[in-house]
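Visitor: I'd like to learn how to read the packing inside a fold. Could you walk me through one?

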Amino acid sequence: MSSTAMSLSAPTRSSAVNWSRFARVGPGTVLAAVAANVLAYFIASTMVAYNAEFLPLASVGGAIIMTLAPAIVAVLLYAALLRFTRHPARIFTITSAIVFIISLIPVFTYIPTVPGATNAQTATLVLMHVVAASVIVALLTSIRRASWES
């Protein structure tokens, strides 16, 4: 019984997290996601005429804010998963896929009713969701539990 209790409470040396790397990659992920969506916003604007009435794409500020908040939440969630779970990358990837699908529901249901909305602008929003999700998941899941032997 005591060996079971010790094995459950004793920290395992084979699953450490490099928190100093996370301290760099976490904020870097937020910045990279925002930068990627700003780039997507401007590239799409060369192909799609943004309607000034369509507030989600009226300025790049909306893209920045609507990327910044979820990216920060994603970094905090991944930190918690690194701390409290054995398979943070797998859990985060699955959670991210579910959140991604849920985040597209308003794009396909509400956004078409917004004044000035066009199919091209809706496609731009979907593209920006894909860009942000891809950057966030790729960068955060690059941080895995490291072995003490390495």
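Visitor: Let's start with the rings. Which residues form one aromatic cluster with Phe-42?

Guide: Before we dig in, keep in mind that this is a predicted model. The cluster is made up of Tyr-41, Phe-42 and Tyr-50.

Visitor: How are the rings of Tyr-41 and Tyr-50 placed, and why is the pair tilted?

Guide: The general idea first: a pair of aromatic rings is described by the distance of the centres and the angle of the planes. Here, the ring centres of Tyr-41 and Tyr-50 are 4.9 Å apart and the planes sit at 40°, so this pair is tilted. An angle under 30 degrees would count as stacked and one over 60 as edge-to-face.

Visitor: And are Tyr-41 and Tyr-50 buried or exposed?

Guide: Both Tyr-41 and Tyr-50 are buried.

Visitor: How many aromatic pairs does the count come to?

Guide: The count comes to 4 aromatic pairs. One of them joins Trp-19 and Phe-22, and that pair is edge-to-face, with 5.6 Å centre to centre and 80° between the planes. Trp-19 and Phe-22 both belong to helix H2, where they are 3 residues apart, about one turn of the helix.

Visitor: Why does Trp-19 count as partly exposed, and why is Phe-22 buried?

Guide: Go by the relative accessible area: under 20% is buried, over 50% is exposed, and partly exposed lies in between. Trp-19 has 38% relative accessibility, so Trp-19 counts as partly exposed. Phe-22 is buried because its relative accessible area is 9%.

Visitor: Now the inside. Which residues have the most contacts in the largest nonpolar core?

Guide: In soluble globular proteins, nonpolar side chains tend to be buried together. In this model the largest nonpolar core has 19 residues, and those with the most contacts inside it are Phe-22, Tyr-78, Leu-82, Phe-92, Ile-136, Leu-140 and Ile-143. Helices H2 (19–45), H3 (60–84), H4 (88–109) and H5 (119–140) each give two or more residues to this core. The largest share, 7 residues, comes from H3. Another core, of 15 residues, lies apart from it and includes Ala-44, Val-48, Tyr-50 and Ala-63.

Visitor: What does Tyr-78 touch?

Guide: Setting aside residues up to four places away in sequence, Tyr-78 touches Phe-22, Pro-88, Ala-89, Phe-92, Leu-140, Thr-141 and Ile-143.

Note on methods: Residues are numbered from 1 along each chain as its sequence is written. This is a predicted model: local features need pLDDT of at least 70, side-chain atom pairs count only at pLDDT 80 or more; totals for chains, interfaces and linings use all residues. Side-chain values use heavy atoms; hydrogens and water are left out. A nonpolar core is a set of buried Ala, Val, Leu, Ile, Met, Phe, Trp, Tyr and Cys residues joined through side-chain atoms within 4.5 Å. Buried means under 20% relative accessible area, exposed over 50%, partly exposed in between (1.4 Å probe, protein chains only). Helices (H or I, at least four residues) and strands (E, at least two) are DSSP runs, numbered from the N terminus. Contact means heavy atoms within 4.5 Å. Rings of Phe, Tyr and Trp (its six-membered ring) pair if their centres lie within 6.5 Å; planes under 30 degrees apart count as stacked, over 60 as edge-to-face and the rest as tilted.
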